[in-house]
Structures are given as structure tokens and as C-alpha cells.
Amino acid sequence: MTGETLLSLDRATKRFGGITALDGLSFNVTQGEIVGVIGPNGAGKTTLFNVITGAYTLTSGTISYRGQSIGGLRPHRIAGMGIARTFQNIRLFASMTVWEHLLVAQPRGNGWSHLLPAAMGDKAARRRAEEVLTFFGLEDLRNRDAATLPYGLQRRVEMARALTAGPRLLLLDEPVAGMNADEAEELKSLLVALRDQMGLTILLIEHDMSFVMTLCEYLFVLDFGSKIGEGTPTVVRRDPKVLSAYLGDDE
Ligand SMILES: Nc1ncnc2c1ncn2[C@@H]1O[C@H](COP(=O)(O)OP(=O)(O)OP(=O)(O)O)[C@@H](O)[C@H]1O
Ligand SMILES: [Mg+2]
């Protein structure tokens with residue numbers, strides 16, 4: 001179902017000592033949308049993902065997901081509720097195949113399994129990994145050492161791994177970084193398919209403006225931890241505040 005709020009932040013603030021990385025940030029993400037988060041370096045975009053996923057605890061304010069407050073929950077609990085992410089700096093394991101990456105990442109029981117042999121025996125996990133592998137067109141690369149693949153493919157493996165948990169909300173931190181134009185175009189179709197076929201809601205941080213402006217239905221613009229603009233790409237690219245803080249150099 002679309003039109004409902006899936007994720008909601010209310011005056012979310014995160015301080016690191018004297019640095020205010022998120023400064024009273026409030027916004028809602030509607031279920032089924034592909035939403036972009038843009039803004040200059042250091043604006044607080046990655047911190048936003050870190051507080052949503054429970055990697056960091058908010059200094060003040062609230063985050064709710066499907067109407068339930070998730071502030072203060074442990075990362076594996078939040079992941080288990082259907083929020084998955086990828087990282088700005090690719091985090092793949094050395095000496096592990098693509099297939100193995102898809103199996104170890106699946107949450108089970110109370111937490112996340114880091115025990116490969118256990119995961120290998122789980123039929124449901126294997127079926128899910130197989131589905132995701134096919135969806136991402138990685139079948140031929142299943143036995144390759146993931147960390148030695150070209151950068152664009154590593155990013156794809158990371159996304160596939162995030163998907164094996166069967167999330168509702170996917171957070172992507174600069175998914176296009178390191179991809180060439182063709183790979184970025186393919187990724188765009190893939191993300192639309194994920195939303196259309198799996199009903200995912202996608203929140204993505206990206207500096208590649210042509211990617212963001214052509215893919216996202218809605219954008220939030222951050223600067224110094226605050227929201228300085230939001231709306232459709234058409235609205236945001238004409239917003240004088242956004243232009244001077246971020247888009248000015250670009251256009
Ligand atoms: N763990 C941390 N400890 C201290 N300061 C941090 C930490 N994480 C982030 N910061 C600071 O918070 C601010 C926001 O950082 P963040 O990584 O969220 O920015 P960003 O918008 O993702 O930037 P970029 O586009 O460069 O990735 C920066 O000033 C950063 O130095
Ligand atoms: Mg970042």
C-alpha cells in the first residue's frame with residue numbers, strides 16, 4: 001500500500017561532542033516511494049542513516065518506523081523489523097564469494113548470523129539468496145571472490161546482500177559512487193523494479209544529481225544537519241536556498 005508514512009523523524013538531533021551532525025531534523029518518508037537525500041559533504045546524510053539503523057543513538061528527538069518508536073533499539077532489532085542498508089565505503093568480506101555474502105547476512109533468531117556453515121544449511125536462506133542473486137543478475141559471478149570484483153559489481157553485491165534480509169525499507173548510501181554511466185543506468189532500473197515488484201521503499205543518499213533527479217520522486221536537502229528544502233526534483237532544483245547551499249556549483 002502506498003500513501004502511508006513508513007518512516008518518520010521528529011526533531012532528530014545527533015551531536016558528537018561539539019559537532020551537531022543532525023540538528024532538529026524532521027521528515028516523513030511515504031511507503032513505496034524512492035526518496036533522495038542530498039546535501040554538501042558533512043551535511044549529516046550518513047549520520048542520518050546511522051541513527052535510523054541504530055548504529056548511533058539520537059541525542060534527542062524521535063524516529064518511528066511503521067508507527068513504532070525505534071530510537072534506542074539495537075541495530076539487529078531494527079534490521080529485523082525490515083530496515084536494511086548499504087555503506088558509503090563498501091564493506092565486503094575478504095576471501096568470501098558472492099554467494100557466501102548473500103548467506104551470512106540473513107538475520108535469524110535474535111540476531112545476525114555470522115556463522116557461515118549454519119547459514120549454508122538453511123533452506124529458506126538459500127532460496128532467498130538465490131532469488132536475490134537472480135534479481136541482481138549476479139548468477140554467473142556467484143563463486144567469485146566478491147571483494148575482487150570491479151567496483152560497480154561490488155556495490156551490486158552489497159545491495160543484494162542488504163536485500164537478502166527481506167527489508168521493507170532500503171537505505172543506500174551513495175550507491176552510484178564508483179559506477180560508470182551504464183552501471184548507474186542499470187542500477188536505476190533495478191531500483192525501480194525493487195520498488196515495483198517487491199514493494200520496497202528506498203531512501204538513498206547520492207551526490208550524482210542526474211541520477212537523483214531522474215530516479216527519485218521526492219527529495220530532502222540537508223545542510224549542517226538541518227533540512228533546507230524538500231519536494232519533487234522539479235521543486236528542489238528551483239529552490240533558491242538549495243541552489244545557493246548545494247546545487248549552485250553544479251548547474
Ligand atoms: N562518529 C563520528 N564522530 C564524530 N563526528 C562525526 C561522526 N560521524 C560523523 N561525524 C561528523 O558529523 C558531520 C556529518 O557527517 P556525515 O558523515 O553524516 O556527513 P555526510 O553528509 O554523509 O557527508 P559526505 O557527503 O561527505 O558523506 C561531519 O561534521 C562529521 O565529521
Ligand atoms: Mg556520507
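Colleague: Which residues coordinate the magnesium ion (ligand 2)?

Modeller: In this predicted model, Thr-46 through OG1 and Gln-88 through OE1 coordinate the magnesium ion (ligand 2), at 2.0 to 2.2 Å. Thr-46 belongs to helix H1, whereas Gln-88 sits in the loop between strand E6 (83–85) and helix H3 (98–104), so the pair ties together parts that are 42 residues apart in sequence. For six octahedral donors the ideal angles at a metal are 90 or 180 degrees, and for four tetrahedral ones 109.5 degrees. Water is not among the atoms, so the site may look incomplete.

Colleague: How many residues of helix H1 are buried?

Modeller: A helix can be read by its turns: an α-helix has 3.6 residues a turn, so residues three or four places apart point the same way. In H1, seven of the eight residues are buried. They are Lys-45, Thr-47, Leu-48, Phe-49, Asn-50, Val-51 and Ile-52. After H1 comes Gly-54, with a positive phi near 85°.

Colleague: In what order do the four strands of the open sheet run?

Modeller: The order is E2-E1-E4-E5, and the pairing is antiparallel. Strand E2 (19–30) and strand E5 (68–69) are the edges, each pairing on one side only. Eight bridges join E2 to strand E1 (residues 5–16) in the antiparallel sense. Within this pairing, Arg-15 stands opposite Thr-20 in E2. Helix H1 (residues 45–52) packs on the sheet, where H1 touches E1, E2 and strand E4 (60–65). The direction of H1 makes about 70° with that of E2.

Colleague: Which way do the side chains of strand E3 point?

Modeller: In a regular strand the side chains alternate between the two faces of the sheet. In E3, Ile-34, Gly-36 and Ile-38 point one way and Val-35 and Val-37 the other. Strand E3 (residues 34–38) is mostly covered, with five of its five residues buried.

Colleague: Which strands pair with E3?

Modeller: E3 is joined to strand E10 (residues 201–205) by four bridges, and the two run parallel. Val-35 stands opposite Leu-203 in E10, and Gly-36 opposite Leu-204. E3 also pairs with E11 in the parallel sense, over four bridges; there Val-37 has Phe-220 as its bridge partner.

Colleague: What about E10 itself: which of its residues lie on each side?

Modeller: Thr-201, Leu-203 and Ile-205 are on one side of E10 and Ile-202 and Leu-204 on the other, and all are buried. E10 also runs parallel to strand E9 (residues 169–173), with five bridges between them. One of the bridge pairs is Leu-169 with Thr-201 in E10.

Colleague: Where in the chain is Leu-219, and what does Leu-219 touch?

Modeller: Leu-219 lies in strand E11 (residues 218–223). Its relative accessibility is 0%, so Leu-219 counts as buried. Leaving aside residues up to four places away in sequence, Leu-219 touches Gly-36, Ile-38, Val-212, Met-213, Gly-229, Glu-230, Gly-231, Pro-233 and Val-236. Gly-54, by comparison, is 165 residues away from Leu-219 in sequence and 23 Å away in space, C-alpha to C-alpha.

Colleague: How is the chain divided into domains?

Modeller: The domain assignment gives domain 1 (1–82 + 170–251) and domain 2 (92–166). Their C-alpha centres lie 24 Å apart. The contact between them takes 20 residues from domain 1 and 14 residues from domain 2.

Colleague: Which residues in the largest nonpolar core touch the most other members?

Modeller: That core has 48 residues, and Phe-136, Leu-170, Leu-191, Ile-202 and Leu-204 touch the most other members. Domain 1 and domain 2 both give residues to this core, so it lies between them. A second, separate core has 28 residues, including Val-35, Ile-70, Ile-83 and Phe-220.

Colleague: And which residues does Leu-170 touch?

Modeller: Beyond four places in sequence, Leu-170 touches Ala-84, Ala-162, Leu-163, Leu-194, Leu-200, Thr-201, Ile-202 and Leu-203.

Definitions and conventions. Residues numbered from 1 in each chain as written. Chains lettered and ligands numbered in written order. Predicted model: local features only at pLDDT ≥ 70, side-chain atom pairs only at ≥ 80, totals over all residues. Heavy atoms only, no water. Core = buried A, V, L, I, M, F, W, Y, C linked by side-chain atoms within 4.5 Å. Buried < 20%, exposed > 50% of the residue type's maximum accessible area, 1.4 Å probe, protein only. Domains from an automatic or database assignment. Contact = heavy atoms within 4.5 Å. Pairing = 2+ DSSP bridges. Axes fitted to C-alpha atoms, helices over the stretch in contact; angles between N-to-C directions. Donors = N, O, S within 2.8 Å, 3.2 Å for Na, K, Ca; no water.
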